[in-house]
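Let's work through a few exercises together. Keep the sequence and the 3D view open, and try each task before reading its solution.

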Amino acid sequence: MKNTISARVADFLRVFPPFNEMHPKDLDALSQEVSILYKTKDSIIFEEDALPHTCFYVVHKGAVVLRKKSEGDIMDLCDEGDIFGLRPLMANENYKLEAKAYEESILYAVPIADFRPYTQKYEGVTNFLIESFASNTRNPYSKSYKGKLLGEFPAPQPQIDKGLLDLQHVNFSRKLITSPENTSVKSIALAMTKKKVGAMLIVENGLPVGIITDKDIRNKIATGIHPITATAKEIMSAPIITYPKEMTIAQAQMAMMKNSISHLCLTEDGTPNTAAVGMLSKHDVMLELGNNPAVLMKAIKRAGKFKDIKTIHRRITGLLKGYLDQNIPLTLTSKVISELNDASIKQVIAIALKELKNPPPVKFAWLALGSQGRSEQLLHTDQDNALIFENVPENELPQTRTYFLKFSKAVNKGLKTIGYEYCPAEMMASNPEWCLSLSEWKDRVSYWITNPGPEEVLLSAIFFDYSISSGDIALVDQLTAHVFKKTEMYPIFFLHLAGGALQNPSPTGFFRSFLVEEDGAHKDFFDVKRRALMPLIDGARVLTLSHQVKSINNTAQRFERLAELEPNNEVLFSACSYATKALLKFRTKQGLLHNDSGRFIALDTLTKEEKIKLKRTFKTIKELQELIKLRFQVTPIIG
């Protein structure tokens, strides 16, 4: 007879990670071993530094507070579906936190001895637990736990860049066209023509034994060597060469060249002893190579019109989606996509210059600002840019500016054509306010630094993430040197910049609920940019500027540099770097899914696991803002 209590436990657990990774039968078996605990408000589940229990816990109803009692700090608040108390499973150590019922709560106690075998059986379970446990150390790649999680299971490591072709898996056709050995070649040729395929897989007893391609028919039938009535067995290429389905582009290329063949048969285990799962042709590989960064880069540089680059940018979006689907590290993904985007902007500038016919009157530099300047603009959002031109005599300034404004208008139009919308606030080089000589830019920056009102802080925050897209680097270097000289002379500027960084609204409210937009077009949506990414971006900027760090604009890289400069805050800054990449990846995936910027998210479309991953980053954001508040002695105004 079915145990109704364990069935209810299983029904609850199966919708939450990591239990959603388990087969229903395994989850049903585990649920029969789960104990149900009732805890009154303020009752202790386990004490800080207590000996490990024989189980870990899942909140069924209510909430549990995790806190560092010795320091009085609340570290986390677990609600429905959250797991806690993983330390006995993961590290076999005494508890580092106290767990106390925040309100009346019902908990499921999952026996570690019964659960451990499933960590070996299900990779998804293992990965989730490692990530959950590591997130409580703030750094998923924490050196302290590296190689120790789950005993024999190593912590996940960032993939090594072995070349993009080695990382990209090929897409192959799963719609196999097959025939038995005794089929006539005529029937096979007719079937290939009807199905519009270049090869037929020959199978016996469900296993691949040979292949017939267009080339086989030309060379063996059309030449008269065999009659059209011959059987497949007589002309097929055999024994068949098979490969595993998890092939990369580089492996597929090498296999085809090594064996002088144009089609690969892919099987479950890579041998002819298991059923075929797909066919890969040379044409398939060429299509994949079309989305290879090197090929796209060449295409960008050959583009002669804006619309040519627009077409290439669709392929860049396809490349980005492929990288995210294959879980290629975001550091590598950002680098590749940013390089392609930068090359596109540079080519737009080159085309605009060519169309103007008259060469620039003096040297200039085109600056990418904001997310593009930080190499974080993976999706096509609006454009932010500026132009610096060489100083000229006062009487030549109007004519020189007129030229560069005309040029900038052409570039901004070109960028819109390829997918970057105009900036609603007109922070673009075609605006006379953002198209200035070097001396004018120095005066503008000096004013922002010495008169740091709210608008000046906002403008400097956008501008100070600049990077050169095209033109004379010497002009940019001179401006950069001026920025650091002025900020060193007026350190009070950092207080105002820090205040601006602390004005970003909190991502969560009471009881860890997401704070959503209360009105407007995005009412009830969560603003992942303003509430999660911007506190990290703004925090990294003010901290690196105060350290006089030059030539690093990317937020994650800024935090990595800060971790080197401040060993006592290494764990926090490493966690900030990870959180930045995690949030950027999340926003990019949402944007690709909904064909928008990914900024505003409907929370009801997220899975429990996605919400958990988002919330993990919020604790890091809070700690960063506390550090900034203390360091710069500024009182935040957080909405």
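**Exercise 1. Work out how helix 17 and helix 18 pack: what is their angle, and which residues meet?**

Step 1. Find helix 17 at residues 438-450 and helix 18 at residues 454-463. Helices here are DSSP runs (H or I, at least four residues), strands are runs of E (at least two), and both are numbered from the N terminus.

Step 2. The two helices pack at an angle of about 130°, and their axes are 9 Å apart. Those axes are lines fitted to C-alpha atoms, for helices over the stretch in contact, with angles running from 0 to 180 degrees between N-to-C directions.

Step 3. Look at who touches whom: Trp441, Val445, Tyr447 and Trp448 from helix 17 meet Glu456, Leu459, Ser460 and Phe463 from helix 18 (contact means heavy atoms within 4.5 Å). Sorted by class, this contact has 6 nonpolar, 1 polar and 1 charged residues. Ala, Val, Leu, Ile, Met, Phe, Trp, Tyr, Cys and Pro count as nonpolar, Asp, Glu, Lys and Arg as charged, and the others, Gly among them, as polar.

A quick note before you go on: this is a predicted model, where local features need pLDDT of at least 70 and side-chain atom pairs count only at pLDDT 80 or more, while totals for chains, interfaces and linings use all residues. Residues are numbered from 1 along each chain as its sequence is written, and side-chain values use heavy atoms, with hydrogens and water left out.

**Exercise 2. Find the partner of Arg14 in a salt bridge, and say where both sit.**

Step 1. Arg14 pairs with Asp28, at 3.3 Å from N to O. A salt bridge is a side-chain nitrogen of Lys or Arg within 4 Å of a carboxyl oxygen of Asp or Glu, and the count by this rule is 21.

Step 2. Arg14 sits in the loop between helix 1 (4-13) and helix 2 (24-31), Asp28 sits in helix 2, and the two are 14 residues apart.

Step 3. Check the accessibility: Arg14 is partly exposed at 29%, and Asp28 is partly exposed at 33%. The cut-offs for relative accessible area are under 20% for buried and over 50% for exposed, with partly exposed in between (1.4 Å probe, protein chains only).

Step 4. For a network of salt bridges, look at Arg374, Glu376, Asp465, Asp538, Arg541 and Arg558, which are linked in one.
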